[in-house]
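Me: I am new to this structure and would like to learn how to read its features. Where do we begin?

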Amino acid sequence: CVVAFVQDRDNGGKILQVKKEPHTPGVGIKSRVKDTRSLVVYPNPARDHLYVNFGRMTANRGQLNINDLSGRNMMQLEVIPGYNIQYLDISHLPGGMYMITWVESDHVKGRARLLLTR
């Protein structure tokens, strides 16, 4: 969901307008599943590594996609069935904000934000 606020600085910071728009799925994702979960990523902010907790055992082969805020895919990792937590070495990525998307059987199963510090 994208939320935008317009404030009047001259009038004590009074909020004049609020606009809310739904978030659209990432480019290249075939379909959208209603039960998309939030992934738990820790530590967050991270430096060189992180863990992704899927919230349940993975049922099928899938993938984790890490994209920068411009949408560029910076890392893609295979998710093997039967695991609940995945370790990621992110030491090669530059610092910044990233979106992590878990895709399984061509459906988005979860999303999370990551702050990477250097």
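Reply: We begin with aromatic pairs. Rings of Phe, Tyr and Trp pair if their centres lie within 6.5 Å. Keep in mind that this is a predicted model.

Me: How many aromatic pairs does that rule give?

Reply: The count comes to 3 aromatic pairs. One of them joins Tyr 42 and Tyr 51, with 5.6 Å centre to centre and 25° between the planes, and is stacked.

Me: Which two values describe a pair of aromatic rings?

Reply: A pair of rings is described by the distance of the centres and the angle of the planes. Planes under 30 degrees apart count as stacked, over 60 as edge-to-face and the rest as tilted. Tyr 42 and Tyr 51, at 25° between the planes, are therefore stacked.

Me: Are Tyr 42 and Tyr 51 buried, exposed or partly exposed?

Reply: Tyr 42 is partly exposed at 35% relative accessibility. Tyr 51 is also partly exposed, with a relative accessible area of 31%. Phe 54 and Trp 102 make another aromatic pair, which is tilted, with 4.6 Å centre to centre and 50° between the planes.

Me: Where in the chain do Phe 54 and Trp 102 lie?

Reply: Phe 54 is in the loop between E5 and strand E6 (62–68), and Trp 102 is in strand E9 (residues 96–104), so the pair ties together parts that are 48 residues apart in sequence. Both Phe 54 and Trp 102 are buried.

Me: Which residues form an aromatic cluster?

Reply: Tyr 42, Tyr 51 and Tyr 87 form one. Tyr 87 is in strand E8 (residues 85–89), on the uncovered face with Ile 85 and Asp 89. The covered face of E8 holds Gln 86 and Leu 88.

Me: How many bridges join E5 to E8, and do the strands run parallel or antiparallel?

Reply: Strand E5 (residues 49–53) is joined to E8 by 5 bridges, and the two run antiparallel. For His 49, the bridge partner in E8 is Asp 89.

Me: Next, charged side chains. What can side chains of opposite charge do?

Reply: They can pair when their charged atoms come close. A search of the whole structure finds 3 salt bridges. In one of them, Arg 118 meets Asp 48, with the closest N and O atoms 3.2 Å apart. Arg 118 lies in the segment after strand E10 (107–116) and Asp 48 in the loop between strand E4 (40–42) and E5, so this pair ties together parts that are 70 residues apart in sequence. Arg 118 is partly exposed at 46% relative accessibility, and Asp 48 is partly exposed with a relative accessible area of 41%.

Me: What is the N to O distance between Arg 61 and Glu 78?

Reply: Their side chains meet in a salt bridge at 2.2 Å, N to O. Arg 61 is in the loop between E5 and E6 and Glu 78 in strand E7 (residues 73–79), 17 residues apart. Arg 61 is exposed, with a relative accessible area of 52%, while Glu 78 is partly exposed at 44% relative accessibility.

Me: Which residue forms a salt bridge with Asp 68?

Reply: Arg 72 does, the closest N and O atoms being 2.8 Å apart. Asp 68 is buried, with a relative accessible area of 12%, whereas Arg 72 is exposed at 51%.

Me: Which residues does Asn 67 touch, leaving out those up to four places away in sequence?

Reply: Asn 67, in strand E6, touches Arg 72, Asn 73, Met 74, Met 97, Tyr 98 and Met 99. With the side chain of Asn 73, the side chain of Asn 67 makes a polar contact of 3.4 Å.

Definitions and conventions: Residues are numbered from 1 along each chain as its sequence is written. This is a predicted model: local features need pLDDT of at least 70, side-chain atom pairs count only at pLDDT 80 or more; totals for chains, interfaces and linings use all residues. Side-chain values use heavy atoms; hydrogens and water are left out. Buried means under 20% relative accessible area, exposed over 50%, partly exposed in between (1.4 Å probe, protein chains only). Helices (H or I, at least four residues) and strands (E, at least two) are DSSP runs, numbered from the N terminus. Two strands pair if DSSP finds at least two bridges between them. Rings of Phe, Tyr and Trp (its six-membered ring) pair if their centres lie within 6.5 Å; planes under 30 degrees apart count as stacked, over 60 as edge-to-face and the rest as tilted. A polar contact is a pair of N or O atoms within 3.5 Å; within protein, one must be able to donate a hydrogen and the other to accept it, and residues adjacent in sequence count only if both atoms are side-chain atoms. Contact means heavy atoms within 4.5 Å. A salt bridge is a side-chain nitrogen of Lys or Arg within 4 Å of a carboxyl oxygen of Asp or Glu.
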